[in-house]
Amino acid sequence: MRMRIFIVLLCCFLLSGCQYSASLPAADKVETEDMAERDTEKPADGKIIDFDGDGIEDAAALSIVDKDYAKLTVTLGRGKTLEEEIPGWWWFVDHETGRDSLEQTDVPVCDFDGDGKDEMLIQLAFAGSSGPSREIHIFKVENDKLVELPLDYIFPDISDQPDKIEFISQFKNINDHCFGAQIIRGDDNEPLLRVRQDDLVTSNYYGSWYIDCVFSGHDWVVQRLTWSRVFTCGNADE
């Protein structure tokens with residue numbers, strides 16, 4: 001029995017050294033858990049997916065058309081269908097595992113802007129690429145049209161932290177060096193977008209930065225910044 005307890009404690013000690021976190025002025029509390037353990041957002045029991053706010057359940061599907069473009073198809077509960085083409089040679093990204101796949105996957109949804117209507121998180125992989133590069137798109141329905149949300153970041157003032165200025169200068173947009181994204185919940189249960197990005201300056205290819213941000217209506221305001229070496233470029237999803 002004592003030997004089992006010793007082994008458990010030893011494992012905890014070894015795992016605790018696998019991550020390093022750095023906080024921005026906007027967030028004193030920084031998470032250091034395995035970034036793969038955070039659940040993606042799912043509709044709560046009894047909650048329907050509603051893109052247009054009419055109280056009738058809607059649906060979204062993603063398909064690849066002749067490797068020329070990805071197509072987002074939104075079927076509103078009242079029968080209207082909306083479509084958006086995203087040019088490029090893509091693979092699907094399984095939102096549960098983050099892995100590239102040729103199998104279609106569900107589209108994660110969340111009310112990012114607090115208007116009572118769901119938005120769609122579209123995550124695509126560059127087909128045939130040597131690394132896990134991703135392209136992110138976030139759509140909402142407005143006046144029976146699909147409208148894409150802007151993806152620019154707003155970082156807090158870091159003029160007193162010169163060591164972070166070089167890092168932040170790399171990332172103006174969610175799709176800069178993007179390795180993927182998922183929907184999580186913040187400390188106050190607010191929906192956050194967690195973006196995994198390759199840091200070409202300070203990570204030395206042994207880890208990634210995870211940027212948690214909230215949509216302001218125009219930009220993505222960074223709430224928390226965490227660096228982790230749990231994943232590496234050559235073995236990104238294990």
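Student: In which strand is the place of Gln 123?
Tutor: Welcome! This is a predicted model, in which local features need pLDDT of at least 70, side-chain atom pairs count only at pLDDT 80 or more, and totals for chains, interfaces and linings use all residues. Residues are numbered from 1 along each chain as its sequence is written, and side-chain values use heavy atoms, with hydrogens and water left out. Helices (H or I, at least four residues) and strands (E, at least two) are DSSP runs, numbered from the N terminus, and the place of Gln 123 is in strand β8.

Student: Is Gln 123 buried or exposed?
Tutor: We need the cut-offs here: buried means under 20% relative accessible area, exposed over 50%, and partly exposed in between, with a 1.4 Å probe and protein chains only. Gln 123 has a relative accessible area of 10%, so this residue is buried.

Student: Which residues does Gln 123 touch, not counting residues up to four places away in sequence?
Tutor: Contact means heavy atoms within 4.5 Å. By that rule, and with residues up to four places away in sequence not counted, Gln 123 touches Val 93, Arg 134, Glu 135, Ile 136, Gly 180 and Ala 181.

Student: How many Å from a polar atom of the side chain of Gln 123 does the backbone oxygen of Ala 181 lie?
Tutor: A polar contact is a pair of N or O atoms within 3.5 Å; within protein, one must be able to donate a hydrogen and the other to accept it, and residues adjacent in sequence count only if both atoms are side-chain atoms. Between the backbone oxygen of Ala 181 and a polar atom of the Gln 123 side chain, the distance is 3.1 Å.

Student: How many cavities of 30 Å³ or more does a search of the whole structure find?
Tutor: Rolling a probe the size of a water molecule over the atoms shows where empty space is left. On a 1 Å grid over the protein atoms alone, a cavity is a set of points where a 1.4 Å probe fits but cannot get out, and lining residues have an atom within 4 Å of a point. Grid points are joined across faces, edges and corners, and a volume is the space filled by probe spheres set on the points. At 30 Å³ or more, the number of cavities found in the whole structure is one.

Student: Which strand gives the most to the lining of the largest cavity?
Tutor: About 80 Å³ of space lies in the largest cavity. Its lining includes Leu 121, Ile 122 and Gln 123. With three residues, the strand that gives the most to this lining is β8.

Student: How many charged residues does the lining of the largest cavity have?
Tutor: Ala, Val, Leu, Ile, Met, Phe, Trp, Tyr, Cys and Pro count as nonpolar, Asp, Glu, Lys and Arg as charged, and the others, Gly among them, as polar. Besides six nonpolar and three polar residues, the lining has a charged count of one.

Student: With the side chain of which residue does the side chain of Asp 212 make a polar contact?
Tutor: Asp 212 belongs to strand β14 (residues 208-215). Its relative accessible area is 1%, so Asp 212 is buried. At 2.8 Å, its side chain makes a polar contact with the side chain of Arg 194.

Student: Which residue does a polar contact of 3.4 Å join to Glu 85 through their side chains?
Tutor: Glu 85 lies in strand β4 (residues 81-87). A relative accessible area of 47% makes Glu 85 partly exposed. The 3.4 Å polar contact joins the side chain of Glu 85 to that of Tyr 69.

Student: What is the positive phi of His 177?
Tutor: Most residues other than glycine have a negative phi, and most peptide bonds are trans. His 177 sits in the loop between α2 (162-168) and β12 (178-185). Although His 177 is not a glycine, its phi is positive, at about 55°.

Student: Near what value is the phi of Asn 189?
Tutor: Asn 189 is found in the loop between β12 and β13 (191-197). With 51% relative accessibility, this residue counts as exposed. Asn 189 is a residue other than glycine with a positive phi, near 70°.

Student: How far apart in space are Gly 114 and Phe 215, C-alpha to C-alpha?
Tutor: Gly 114 is in the loop between β7 (109-110) and β8. In sequence, Gly 114 and Phe 215 are 101 residues apart, while C-alpha to C-alpha they are separated by 9.2 Å.

Conventions. 1 Å grid on protein atoms, 1.4 Å probe; cavity = no way out; pocket = protein on both sides within 12 Å on 5 of 7 lines; lining within 4 Å.
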